Amino acid sequence: MNDIKFTIKKVDIRNAAHQTVILFLQRKTLPDDVPYKPDHGHWWIAYDESGKPVGFGGLVRSIQFSDTGYLCRAGVLGGYTGHGLQKRLIEVRLRKAKELGWNWLITDTTDNPASSNSLINCGFKLYEPSSPWAFKNSLYWKRKIDQDAVQRRGSKKKKACAVLP
């Protein structure tokens, strides 16, 4: 497998061009879903070496909990999967959630083993929310953000999603 280098950039969602790219990527990577409008929260676009947008990820504050972020959307174009990009997109959102002082991250997946495995590899655990918000067959994930852990792990060898335990 070729080693592709990616750049992940936090984008200004007030920029219509960034919104257009995120909506395009959502339609390509999640064709059966209604696109999530990227008009609030924090969003990142991943680019390949040529500057082509190949992935995206979004983070918003949970509507249920004030100390919790929600990984609202993410996707990687088919030809670019298998290079750890999904995990890197989770990592940048974990860092942002820590920066915002949030204590938890939550998300959901539906019929998506690849994303579920990325979440597991990044320390997320399955849970049953008291008020499920997605589909009947959706899986719900949460991760505690240990605000002190980043400093403790700073000198350890970094693994995928090892930024926060």
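In the predicted model, helix H1 comprises 14 residues, 16-29, and at 1.5 Å a residue should therefore span 20 Å. Its end C-alpha atoms lie 20 Å apart, in agreement with that expectation. At the start of the helix, the backbone nitrogen of Ala17 has a side-chain oxygen of Asn15 within 2.7 Å.

Four residues of H1, namely Ile22, Leu25, Gln26 and Thr29, are buried. An α-helix has 3.6 residues a turn, so residues three or four places apart point the same way. The other side of H1 carries the exposed residues Ala16, Thr20, Arg27 and Lys28. The cover over the buried residues of H1 includes four strands: S1 (7-11), S2 (42-47), S3 (53-61) and S4 (68-76).

Two of these strands, S3 and S4, also contribute to the lining of the largest pocket, each with at least two residues. The space in this pocket amounts to about 820 Å³. It is lined by 32 residues, of which Asp33, Tyr70, Cys72, Arg73 and Asp108 are the closest to the centre. Besides S3 and S4, at least two lining residues each are supplied by helix H2 (85-99), strand S5 (104-109) and helix H3 (113-121). S4 provides the largest share of the lining, with five residues.

Definitions and conventions. Residues numbered from 1 in each chain as written. Predicted model: local features only at pLDDT ≥ 70, side-chain atom pairs only at ≥ 80, totals over all residues. Heavy atoms only, no water. Expected span 1.5 Å × (residues − 1). Buried < 20%, exposed > 50% of the residue type's maximum accessible area, 1.4 Å probe, protein only. Contact = heavy atoms within 4.5 Å. Polar contact = N/O pair within 3.5 Å; in protein donor to acceptor, adjacent residues only side chain to side chain. 1 Å grid on protein atoms, 1.4 Å probe; cavity = no way out; pocket = protein on both sides within 12 Å on 5 of 7 lines; lining within 4 Å. Points joined across faces, edges and corners; volume = space filled by probe spheres on them.
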